[in-house]
Every structure is written in structure tokens, then in C-alpha cells.
Amino acid sequence: MEISSAVFDCSAPDLDSCPDASLPEFAFIGRSNVGKSSLLNLLSGRLDLARVSPTPGFTKLINIFTINRTWRLVDLPGYGFASGARKAKFKFNRAVNDYLKHRTSLCCVFALLDSGLSPQEMDVEFIAWLARNSVPFVLVFTKTDKATSSTVQENIMAFTARISGWFEKLPSIFTCSAMAKQGREELLGVINEALAAIQVGPEPPQPEAASPSEALATAGQKESTRTARKKRPDLARPW
Ligand SMILES: Nc1nc2c(ncn2[C@@H]2O[C@H](COP(=O)(O)OP(=O)(O)OP(=O)(O)O)[C@@H](O)[C@H]2O)c(=O)[nH]1
Ligand SMILES: [Mg+2]
């Protein structure tokens, strides 16, 4: 997919401050410092679109970017930065919780994991949360330039072994390195497919299906709009 324009929209402190849900959105989340902002820059082809920092917890707001005037990339604050007794628990702020649960234009979450690490409890818990809340997502193992390919493969296998029992069909898995510019085409392919599903569904969206995720959920499914709204795209199927 060619990216002809990438424009910063806004930094929203909460869901109500986000722009209207008229464009399909693809959101990036993961532990602080996992490489969310860097990956977003790689995908957009604009090295300074999202702010990158070696300091964990740098992205604190919901940062929204419009791509090709037709869809959006969303850089979410990371989880796991909060210090204190419950460090092992994943924890993100109310805004992220609301965004992931209620943003009607959210098509797919890219859940980022560090490919150089064995499964981290916080990440396992976060994936469980996504599954429980029926949020459509794919897994993206980042920073592959930092580990050997056998370590990356071992870590991916160990992680999928932890979560495989929760799904009828495992979520799609991708790898990337913002530094080595690896994984861009594959991830843009996920976006392309989701956008195509919205536009070329076998059935046109019902008039009530005002948002892209509603339209995507409705495409090809003989369900009422009300149930489709909750159903979101079928990228990962929790039990
Ligand atoms: N080696 C390597 N370093 C990377 C890669 N991607 C990001 N980094 C580095 O990791 C650090 C964090 O990157 P960010 O993109 O800011 O990570 P983030 O997940 O947005 O971080 P927060 O906003 O703080 O949650 C920076 O120092 C980046 O340069 C990668 O693919 N390879
Ligand atoms: Mg960031």
C-alpha cells in the first residue's frame, strides 16, 4: 500500500476528545518502550510522525494520525510503566480502557511484544484482557534486530503456547524491526485487507451502521446491526 499522506490529528486525553469515528482506525499498544511509536513511523514512512523516546512511558495521550485522508493510525500509551507493588499486573489508564472497549471505528489492535523476551506475565494478561473484551487484534513481535532469529522463534512459540488455549483460531502473528525496516509490508497488508473488507463486503452496510467497524462487522454476516456492533472484525476469535 502506498502512503501518500500522513497527518497528525490530535492528542486526546480521553475517548470523548477523540475526533469523530468516521474513519477506520488501527491502534498500537504494548508495554512501555516496546516500540509502538517507532513502528507507527515505519508504517507511515514518516520518521518523525510519532515521538520516539528511550524513556519508558513517553506516550501518555491517545495520539491520532490520519493516513491517505481515509484511515487512521493510533498511538496508544503503553502499559506497565506504573511502579509500585502490583508491577507484574498490566495497567493502563481509563482513556485506553475506554478507547479499546468503546471506539466504534477501531478495526484492529496491533498488540506489540518484545521479540527478545520470553513471555512476560503483563503481556499474557493483556492478551487475556483483549480476548475477554472481544477486541480484534494481531500480535506483533518487535525489535527483531536485537535478538537472533532462533531466540525470536523460541519466544514466539513460548508466547503462543501460553495463549493458544483461549482461542478457536490463534491470532495472526507478525514480526518487525523499526530499526531494520522489517515487517512494514506485512503489517500494511493487514490494514489493506481490513479496509478492503469494509469497502467490498458482499452486503452493503445497513443505514444504521454509521461507523467503519460496524460496517466491517456487518459485511457478509446476516446479523442485526445491533449485534454486529459488538462483534467487530473477525481477526481473532476468543472462545
Ligand atoms: N533496536 C531497536 N530499537 C528500537 C526498535 N523500535 C524502537 N526501538 C527503540 O526503543 C525505544 C522505545 O521506542 P518507542 O517507539 O518510543 O517505544 P514506545 O512503545 O512508543 O514507548 P512509550 O511511548 O514510552 O510507551 C527507543 O529508544 C527506540 O529507538 C527496533 O525495531 N529496534
Ligand atoms: Mg510511544
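I began with the cavity lining. By class, the largest cavity is lined by five nonpolar, three polar and three charged residues. For the classes I count Ala, Val, Leu, Ile, Met, Phe, Trp, Tyr, Cys and Pro as nonpolar, Asp, Glu, Lys and Arg as charged, and the others, Gly among them, as polar.

Ground rules before going on. This is a predicted model, in which local features need pLDDT of at least 70 and side-chain atom pairs count only at pLDDT 80 or more, while totals for chains, interfaces and linings use all residues. Residues are numbered from 1 along each chain as its sequence is written, chains are lettered from A and ligands numbered from 1 in the order in which they are written, and side-chain values use heavy atoms, with hydrogens and water left out.

Cavity, continued. I work on a 1 Å grid over the protein atoms alone: a cavity is a set of points where a 1.4 Å probe fits but cannot get out, a pocket is an open set with protein on both sides within 12 Å along at least five of seven lines, and lining residues have an atom within 4 Å of a point. My search gave one cavity of 30 Å³ or more. The largest cavity holds about 60 Å³ of space, a volume being the space filled by probe spheres set on the points, which are joined across faces, edges and corners. Among its lining residues I noted Arg31, Asp114, Phe141 and Phe159. Strand E5 (106-114) and helix H4 (149-163) each supply at least two residues of that lining; helices (H or I, at least four residues) and strands (E, at least two) are DSSP runs, numbered from the N terminus.

Next, the largest pocket. I get a volume of about 440 Å³ for it. Of its 27 lining residues, Asn33, Gly35, Ser38, Val52 and Lys143 are the closest to the centre. Helix H1 (residues 36-44) gives the largest share of the lining, four residues.

What sits in the largest pocket? I found ligand 1 there (more than half of its atoms lie within 2 Å of the grid points). Around ligand 1 are 22 residues (a heavy atom within 4 Å), with Lys36, Ser38, Phe58, Thr59 and Asp145 coming nearest.

The side chain of Ser38 has an N or O atom at 2.6 Å, a polar side-chain atom of Ser37 is at 2.9 Å, and a backbone N or O atom of Asn33 is at 3.1 Å. Taken alone, ligand 1 exposes 650 Å², and the protein buries 88% of that (Shrake-Rupley method, 1.4 Å probe).

Methods. A polar contact is a pair of N or O atoms within 3.5 Å; within protein, one must be able to donate a hydrogen and the other to accept it, and residues adjacent in sequence count only if both atoms are side-chain atoms.
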